[in-house]
Amino acid sequence: MRTVLRLLGTRYGIAMVLIVVVLIVVGFGRTVFTDDDGTGNGALGPTVAPATTTPDPYNSLGDDGVAEEPSSAAPSLSKGAADASTVATRFAKAWLRKPGISGAQWRDGLKPDATNELMEDLADTDPSDVPAATITGSTVVENLGQVATAKVPADGGTIILQLEAIGGRWQVTSLDWEVA
C-alpha cells in the first residue's frame with residue numbers, strides 16, 4: 001500500500017489520477033446528456049418550442065393606394081435623343097481598330113458619344129492598340145435608371161461600356177475590354 005501511495009505522490013501518479021478523473025467526468029456526462037435515441041446529439045439545457053406565427057390581421061384589407069417607388073427612375077432625355085443601346089453600339093463601332101486611321105481621327109469619331117473625362121483618358125491611346133476589329137453580335141444593355149451598362153460582343157472579347165444620362169442624352173463614361 002505504501003508503494004502505491006508513494007507512486008501517487010509523484011508527478012506521474014498525479015497525472016494518472018487526473019486522467020482517470022477526466023475520463024469519469026466525460027463518461028458520466030455522456031450517460032446523463034444523451035437523447036432518448038442514444039445518439040448523444042441533444043441540446044444541453046431546456047429546449048425551446050418553435051414560435052407560432054399569427055396571420056397579419058391587416059393583410060386582407062387590400063392595397064393602401066400608395067404607389068411603390070420604382071427601383072430606378074427613368075432618365076430624363078431630350079426629344080429625339082438616341083437610346084442607350086444606339087449610343088453604345090455607335091461608340092463601340094467608332095472604337096474598333098481601323099488600319100490607317102490617325103489617333104486624332106479616331107478620337108473625333110468617339111467624341112460625340114463620350115464624356116470629356118473619358119476623352120481625356122483616351123488622349124494617349126493609340127488606335128492600333130485596340131484589341132477588336134469587328135462587332136460580332138448585338139448590344140445588350142442593362143438599364144439602371146440614369147446609368148446603364150452595355151456589353152458589345154466583338155472578335156476576341158466583349159466591349160463593356162458604362163453610360164450615363166447627362167444633359168438630356170446618353171454618354172459613355174467608361175470603357176472596359178473583357179477578353180473572351
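**Exercise 1. Decide whether Arg 90 is buried, partly exposed or exposed, and find the residue with which Arg 90 forms a salt bridge.**

Step 1. Arg 90 has a relative accessible area of 42%, and the classes are buried for under 20% relative accessible area, exposed for over 50%, and partly exposed in between, with a 1.4 Å probe and protein chains only. Arg 90 is therefore partly exposed. This is a predicted model, in which local features need pLDDT of at least 70 and side-chain atom pairs count only at pLDDT 80 or more, while totals for chains, interfaces and linings use all residues. Residues are numbered from 1 along each chain as its sequence is written, and side-chain values use heavy atoms, with hydrogens and water left out.

Step 2. Side chains of opposite charge can pair when their charged atoms come close. A salt bridge is a side-chain nitrogen of Lys or Arg within 4 Å of a carboxyl oxygen of Asp or Glu, and a search of the whole structure finds 1 such bridge. Arg 90 forms a salt bridge with Asp 113, and the closest N and O atoms are 2.8 Å apart.

Step 3. The pair links distant parts of the chain, since Arg 90 is in helix H3 and Asp 113 is in the loop between H4 and H5, 23 residues apart. Helices (H or I, at least four residues) and strands (E, at least two) are DSSP runs numbered from the N terminus. Asp 113, with a relative accessible area of 4%, is buried.

**Exercise 2. Work out how many helices and strands the protein chain has, and in what order the elements run.**

Step 1. The protein chain has 5 helices and 4 strands.

Step 2. Read from the N terminus on, the elements run α-α-α-α-α-β-β-β-β.

Step 3. Of the 180 residues of the protein chain, 23% count as buried.

**Exercise 3. Find which residues have the most contacts inside the largest nonpolar core, and which elements supply at least two residues of this core.**

Step 1. A nonpolar core is a set of buried Ala, Val, Leu, Ile, Met, Phe, Trp, Tyr and Cys residues joined through side-chain atoms within 4.5 Å. The largest one has 26 residues, and those with the most contacts inside it are Phe 91, Trp 95, Leu 110, Ile 159, Leu 161 and Leu 163.

Step 2. At least two residues of this core are supplied by each of helix H3 (84-95), helix H4 (103-110), helix H5 (116-121), strand E2 (147-154), strand E3 (157-166) and strand E4 (169-179). With 7 residues, H3 gives the most to this core.

Step 3. Contact means heavy atoms within 4.5 Å. Leaving aside its neighbours within four places in sequence, Leu 161 is in contact with residues including Ala 88, Phe 91, Thr 149 and Val 172.

Step 4. Thr 149, found in strand E2, is buried, with a relative accessible area of 15%. The C-alpha atoms of Thr 149 and Leu 163 are 6.2 Å apart in space, although these residues are 14 residues apart in sequence.

**Exercise 4. Describe the aromatic pair of Trp 95 and Trp 177 by distance and angle, and say where each ring lies.**

Step 1. Rings of Phe, Tyr and Trp (its six-membered ring) pair if their centres lie within 6.5 Å; planes under 30 degrees apart count as stacked, over 60 as edge-to-face and the rest as tilted. A search of the whole structure finds 1 aromatic pair.

Step 2. The ring centres of Trp 95 and Trp 177 are 6.0 Å apart and the planes stand at 40°, so the pair is tilted.

Step 3. Because Trp 95 lies in helix H3 and Trp 177 in strand E4, the pair ties together parts that are 82 residues apart in sequence. Trp 95 is buried, at a relative accessible area of 6%.
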